[in-house]
Amino acid sequence: MSMTKGFSNVFRIPELRKKIFITLGLVFVCRLISQIPTPGVDWRTLQTVLETAKQSAAGGGLLDWFDVFTGGALGQCAIGFLSIWPYISAQIVIQLLSSVIPALEKLKKEGESGRQQLAQITRYLTIVLCVVQSWGIATMLSHPGALGPAFAGVEIVANPGLGFQLMTVIGMTSAALFVMWLADQITTFGIGNGASLIIMINITSRLPEALIRAWERYFGLAGVQASAPIAELPIVVLFFVLVVMGTVMLTQGVRKVAIHTTRRSVSGGNTYGMQQTFMPLRVNYTGVMPIIFAQPLLQIPSAILMKCTDPTSSGISGALNRFAQDLSNPTPLHMIVYAVTILFFAFFWVATQFNAIDISENLKKDGSYIPGIRPGRATAEYLDDMMTKITLIGGSGLLVVALIPMILMGWMSIPWAIASFFGGTSLLIIVGVALDTLRIMESHLLVRKYDGFLSHGTLRGRGGV
C-alpha cells in the first residue's frame, strides 16, 4: 500500500506534477522524431533487407542491438535514428580523456565553470560524431550491395548521390542535436536525467513487440501455431522475476567503508566532531559501460570479417569466416570472449574513473580517516584494494546479467525481442533509470512530509548511466 499511496501523493504536489507532465511531453516529441522516415529512402524495401540480414546472422546481432536502442528507428531509417547516442558517446569519450589529459582534468576540478566548458566541448564532439555517423549511414543506404552479395541490385534510395547524402547528414545531425537539447530540457525542467530517460523509453518501446512475440510463442497468433509448450511460460515468468530482483540488488548494492571525523566545529554553542559516517562504494560502480563497450567491440569486427572473407572457401578465408560467425552468434566462443571483454572493461573503467589518491587526500584535508588505516598513501592503497575486490564481485554479477539473454537464445531458442528484456544492457538501463527517477520523486515527497514509496528506508540511485 505504501507504493500505491506514494504514487497517488506524487500528483498532489504542483511542482512535481508539472515536472512529470513536462517530461512526458518532451519524451513524446523524442519518440515522434524516431518515427519520421528519412526523405528519399524506400523504408519498405529497407525493412525487407533488414529482415533478410537478421535471418543470416544471430538473432541478437548488431542489427537487433541497434533496433532496440534506437527504439525501432532502424526499421524505417528515421531522421532520429542516431537518437541520443552520439551525445552519450561524446560524454563517455570526454569522461575517459579527462582522466589522461591534464587540461581536461583541470577543467573537471574547476567547479561549475569547468563543468560548463566540458559540456561545451562535449557538444562540439557530438556534432562531429553525428556528421561522421550520418554520412556513413547515407553511404550504406546508397550502396546496399556493400553489405554483401545478398543485397546486390537492391535499391533502397530512389536518387542516390551527393544531394541525398548531404540531406541525410543535415537531417540526422539536426534531429540528434534536437534530441540532445530535449534531453537537457528534461534534466533541467523535468524528472531525472534526460539522456538516460530517452534511452530507457527507446528500449521499452520494443516491449509491445516482445509481448506479441511471447503470445505467439506460447499461444499462437494469426494462424501461427505455438512453438513452445505452455508449461514453459510459468518458468520463464518466474525466471524473469528472479533476474529483475538480482538486477535491482546489483544496482543498489554498496559496500560501506567506515569514516571517522576528528575535526571539531562550534555552531550555536554546540560542538560537533568525532562523528562516524560511511563512504558508500557501489558494487556495480561501472554501470552498463562494460556491456556497451563489449557488444560493439565483438559485433562490428565480426561483421567486417564476415564481409571480407569467403564462407565457401576451404582455406584461411573460410576459417576466418567461420571464426567470425562463431564470434558473432551466441556460441560458447562468443560467450567466453564476451565475458572476458566485460570483465576487462569493468576493471578498466574503475581504474580510469575511481581515483583513490584524490579521495584519500580529501579525507586527510577534512580531518577524516578510516579506522585502523593511516591517512594518506595507506588509505589510498586500502581503498584501491577494496575497490578491486568490489569490482570483481560487481563485474561477475554484471557478467551473469549480460549472458542471460544469450543463454536463453542458445538453449531455449527464445527470440531476441523477448530475451533482451531478461538481462543485458536493456534490463540494467531500465532498472537503473527507473530507480533513479523514483528516488528523485521520493525526495520531493519526503521534503513535503509525504510518505515515500517504501515502508522502511529510501531508494538509492545508481549515480550514473
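This is a predicted model: local features need pLDDT of at least 70, side-chain atom pairs count only at pLDDT 80 or more; totals for chains, interfaces and linings use all residues.
Local features need pLDDT of at least 70 and side-chain atom pairs count only at pLDDT 80 or more, while totals for chains, interfaces and linings use all residues. Residues are numbered from 1 along each chain as its sequence is written, and side-chain values use heavy atoms, with hydrogens and water left out.

Reader: What share of the residues of the chain counts as buried?
Author: Buried means under 20% relative accessible area, exposed over 50%, partly exposed in between (1.4 Å probe, protein chains only). The chain has 465 residues, and the buried share is 45%.

Reader: What is the order of the strands in the open sheet of three strands?
Author: Two strands pair if DSSP finds at least two bridges between them. β1 (residues 254–261) and β4 pair in the antiparallel sense over eight bridges. β4 (275–282) and β5 (368–369) each have a single partner strand, so they stand at the edges. The order is β4-β1-β5.

Reader: Which residue in β4 is the bridge partner of Thr261?
Author: β1 covers residues 254–261 and pairs with β4. In β4, the partner of Thr261 is Gln275.

Reader: Which helix packs on the sheet, touching β1 and β4?
Author: A contact means heavy atoms within 4.5 Å. Axes are lines fitted to C-alpha atoms, for helices over the stretch in contact, and angles run from 0 to 180 degrees between N-to-C directions. The helix direction makes about 45 degrees with that of β4. The helix spans residues 377–412 and is α16.

Reader: What distance does α12 reach from its first C-alpha to its last?
Author: The expected span is 1.5 Å times one less than the number of residues. Helix α12 (residues 289–308) has 20 residues, with 28 Å expected. It reaches 29 Å.

Reader: Where do Arg377 and Glu381 lie, four residues apart?
Author: Their side chains meet in a salt bridge (3.2 Å, N to O); the term needs a side-chain nitrogen of Lys or Arg within 4 Å of a carboxyl oxygen of Asp or Glu. Arg377 counts as exposed at 68% relative accessibility, Glu381 as partly exposed at 45%. About one helical turn separates them, in helix α16.

Reader: Which residues are linked in a network of salt bridges?
Author: Arg206 forms a salt bridge with Glu209, closest N and O atoms 2.5 Å apart. Glu209 is partly exposed, at 27%. The linked residues are Arg206, Glu209 and Arg213.

Terms used: Helices (H or I, at least four residues) and strands (E, at least two) are DSSP runs, numbered from the N terminus.
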